[in-house]
Amino acid sequence: MLQFSGEALAYGDHTVLSGVDFNLRPGERVVLLGRSGAGKSTLLNASYRRLAETHPDIALVPQEHGLVPQLSVFHNVYMGRLDAHGALYNLANLVWPFPAQRRTVASVLETVGLAGFDRKAVESLSGGQKQRTALARAIHRGGRVLIGDEPVSAVDERHAAALVDELATRFETVLLALHDVGLARRVATRLVGIRAGRIVFDLPSAEVSDGDIHDLYRA
Amino acid sequence: MTSIAPERLRLPRFGRLGTAAAFVVLAVALLPAADFRISGHDPWAELARMGQGLLSPDFSAIGTLARAAALTVAFAICGVALGASTGFALAPLYRFAPVRLFCVAIRSIHELFWAILLLQITGLSVTTGILAIAIPYAGIFAKVFSEYLDEADPRPAAAMPPRADFISVHFFARLPLAAREFQVYLLYRLECGLRSSAVLGFVGLPTLGFELDTFFKQGMYGAVAAVLIIYYVLIATMRLWMRWPLAPFYLLASIGFMATLASPPMAPGALIRFVTSDIVPAPLRNGDLGDPETWVRFGDWLHMLLFQQALPGLTATMIVAQLALVVAGFVALIGFPLLVVPVVGRFGSALGHIGLVVGRSTPEYMLAYIALQIFGPSMLPAVIALGLHNGAIIAHLLGRQSAHVHENLRPDAPRGLVLYAYELLPRIYGSFLALCLYRWEIIVRESAIVGLLGIATLGFYVDRAIQEIRIDRAIVLLLVTMLATVAIDAISRRLRKAIGIDGLVSRRDQVPGATEARLA
């Protein structure tokens, strides 16, 4: 469903990744590993942009969440499905949310551990709660593919594992960047290591040794 | 990120001091061409009578004045509401060149010019007053709102579903991020709207300006003082009575009040006649378009208009504007330290505050009107009024900035004049220059408008054309005015870039009272 062959990925004029050979097949759960600044976000963003053209049913958890701080948690989660309704229906929900939408969103909030937060403004939340809101928005959106850039970085370890498991069951195909190697091994069918602007390994999880991963993070 | 630096503009490098000096030299060179005659009568005796009246305000006509004050507020609220709604709708479309040009055009014409044009179509009516405020304000709101939207965080919109519609994304992921800025700006614009609304009284609408004009003409200076006091109280207390939850109530009450006003009937079809006949150049209207003779006459007509009216009008406008700009600069440089306690002391700063508040909240047109009563019709009252008003605005903004500067100074910083000369002025000078250049365009527009008072700037010729019911000529003269302001705006922007002060003043700094509103 997604294929890069020998491409250079740039951010503006600046080439971040070069010689990228990368593909994503339906049903795969791929995790990108690497130090910060290695180019994971660039690959994720490029993947999202390309996939969105052919697979409009794609969900995204961006690095900085991309939430609207002034709006409530309900509205931010509801935004995941802005494309499911016409503008008039959306505007009505902005001013005075329909009970049916409130219920749907409430059940999603429960799965991410934010039950009862729907009327709170996002700007009043903690960092972890904001991240859960962004996750809830992606879950509410649903669809076949999820792309997430460190989607659980601000959540404590135990909850992070549960949330990543939740994402794995909800989305058929998943492409994530994670810094927690244990979590990555737990969820991924394939691991991709990126170092200094190059993909250094792209293997099924079981075939990646701890040494490979150690090399990825050494100075 | 590697980025190729944009090519720098190569203008003659005057530097910051040189730029200011060039403006001063230009103003001095223009002095011989400026008409500064003080008319025959004794201005000081007149001034003494005025002073006496101002010191003993006469509120005996309080019923009329209260009604005029209420109407001033009602026109301002309705005009600003309509202008803001239109600007709000246009803001997301502002990046399209036709919309942008349209907005530039409508906002480059002053409210008073709109009013005298609209008088030809909608007569002396509520519609005229509201539209005269709403039309130019719509252009201003569209620009400012679109800039606020551009500055807002783009990431939420980027995280929206790929096929979500434009309107939904705008309202969910862009608008809420700029809503607070919108509110602050709206409140500031309402203050401007009160000024505009009061001034509309000078062309006959029943607001405070009308009462001021009437009392002045009868020499009832006590009553003039009463009008001014009511006006200042309105402006000064606006942020107390203008509460957001009450806004719908105010709007409805204003509309209700306006609905009770009777307006003189207009002949039917005034709009059609205006568009299809009044504004068509006379030679074309009266001649056969297929006849080459008609076009020759049109050429003569245009030549006459441009060289006998537009050119002298434009020259006078620019002379007034350049002189007023320099006066405003000096007023600002002398005025802003008056707001800083460590320079002039607590008592001095209180006085400075009052003086500058009066200077900046009195509309420039009203100031010019008052100065005109004293000095008679020449360029002098216009230069004084525009210089004082704009200088006070710049001083107010600089005073606010220097308060921040002073907070961060070393503990053993000097006080008084030395503090001003060694610490404040060098730090604030860039902003000072930037603000002056920002006001330049505004001063040009205002110089044109004071022509309505009889000073020979462009407004004078526009007014004469309209009184002679030669709307076609008025339109051409207004187009010249529009081009002049747009040109000055472009020159000012290039100049600010060339001397590297473009980033020194953010739009927020140009909104007087914005920070106060935020704290409230």
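Chain A is divided into domain 1 (1-57 + 143-219) and domain 2 (68-141). The model is a predicted one. Chain B is also assigned two domains, with domain 1 at 56-263 and domain 2 at 307-492. Chain A contributes 25 residues to its contact with chain B, and chain B contributes 22.

**Domains of chain A**

- The centres of domain 1 and domain 2 of chain A, taken over C-alpha atoms, are 26 Å apart.
- Where these domains of chain A touch, 10 residues come from domain 1 and 11 residues from domain 2.
- On the domain 1 side of chain A, helix H6 (residues 157-170) gives the largest share, four residues.
- That side of domain 1 of chain A consists of six nonpolar, two polar and two charged residues.
- An unreviewed UniProt entry lists "domain: ABC transporter" at residues 2-219 of chain A.
- Residues 2-219 of chain A are 40% helix and 24% strand, and the C-alpha atoms at the ends of this span are 32 Å apart.

**Helix pair H4 and H5 of chain A**

- Helix H4 (residues 99-111) and helix H5 (residues 127-141) of chain A have axes that come within 9 Å and cross at roughly 125°.
- The crossing of H4(A) past H5(A) is right-handed.
- From H4(A), the contact uses A:Val105, A:Val108, A:Leu109 and A:Thr111; from H5(A), A:Ala136, A:Ile139 and A:His140.
- The contact of H4(A) with H5(A) has five nonpolar residues, two polar residues and no charged residues.

**Contact between chain A and chain B**

- The contact takes 25 residues from chain A and 22 residues from chain B.
- On the chain A side, the elements that give two or more residues are strand S4 (58-61) and helix H3 (87-95).
- H3(A) supplies the largest share of this side, four residues.
- The side of chain A that touches chain B comprises 13 nonpolar, seven polar and five charged residues.

**Domains of chain B**

- The C-alpha centres of domain 1 and domain 2 of chain B are separated by 21 Å.
- Each domain of chain B brings 18 residues to the contact with the other.
- On the domain 1 side of chain B, two or more residues come from each of helix H4 (97-107), helix H5 (111-122), helix H8 (166-200), helix H9 (208-217) and helix H10 (221-241).
- H5(B) gives the largest share of that side, four residues.
- By class, the domain 1 side of chain B has 13 nonpolar, four polar and one charged residues.

**Annotated spans of chain B**

- In an unreviewed UniProt entry, the feature "transmembrane region" is placed at several spans of chain B, including 68-91 and 366-399.
- Residues 68-91 of chain B are 96% helix and 0% strand, with end C-alpha atoms 33 Å apart.
- Residues 366-399 of chain B are 91% helix and 0% strand, with end C-alpha atoms 24 Å apart.

**Helix pair H18 and H20 of chain B**

- Helix H18 (residues 416-449) and helix H20 (residues 471-498) of chain B pack at an angle of about 170°, and their axes are 9 Å apart.
- H18(B) and H20(B) are therefore roughly antiparallel to each other.
- Among the contact residues are B:Trp440, B:Glu441 and B:Arg445 of H18(B), and B:Ile488, B:Asp489 and B:Arg496 of H20(B).
- The contact of H18(B) with H20(B) holds eight nonpolar, three polar and four charged residues.

Technical notes: Residues are numbered from 1 along each chain as its sequence is written. Chains are lettered from A and ligands numbered from 1 in the order in which they are written. This is a predicted model: local features need pLDDT of at least 70, side-chain atom pairs count only at pLDDT 80 or more; totals for chains, interfaces and linings use all residues. Axes are lines fitted to C-alpha atoms, for helices over the stretch in contact, and angles run from 0 to 180 degrees between N-to-C directions. A crossing is left-handed if the near helix is turned anticlockwise from the far one by less than a right angle, and right-handed if clockwise. Two residues are in contact if their C-beta atoms, placed from the backbone, lie within 7 Å. Ala, Val, Leu, Ile, Met, Phe, Trp, Tyr, Cys and Pro count as nonpolar, Asp, Glu, Lys and Arg as charged, and the others, Gly among them, as polar. UniProt positions are given in the numbering used here, feature names are shortened, and annotations may be inferred rather than shown by experiment. Domain bounds come from an automatic or database domain assignment. Angles under 35 degrees count as roughly parallel, over 145 as roughly antiparallel, 65 to 115 as roughly perpendicular and the rest as oblique.
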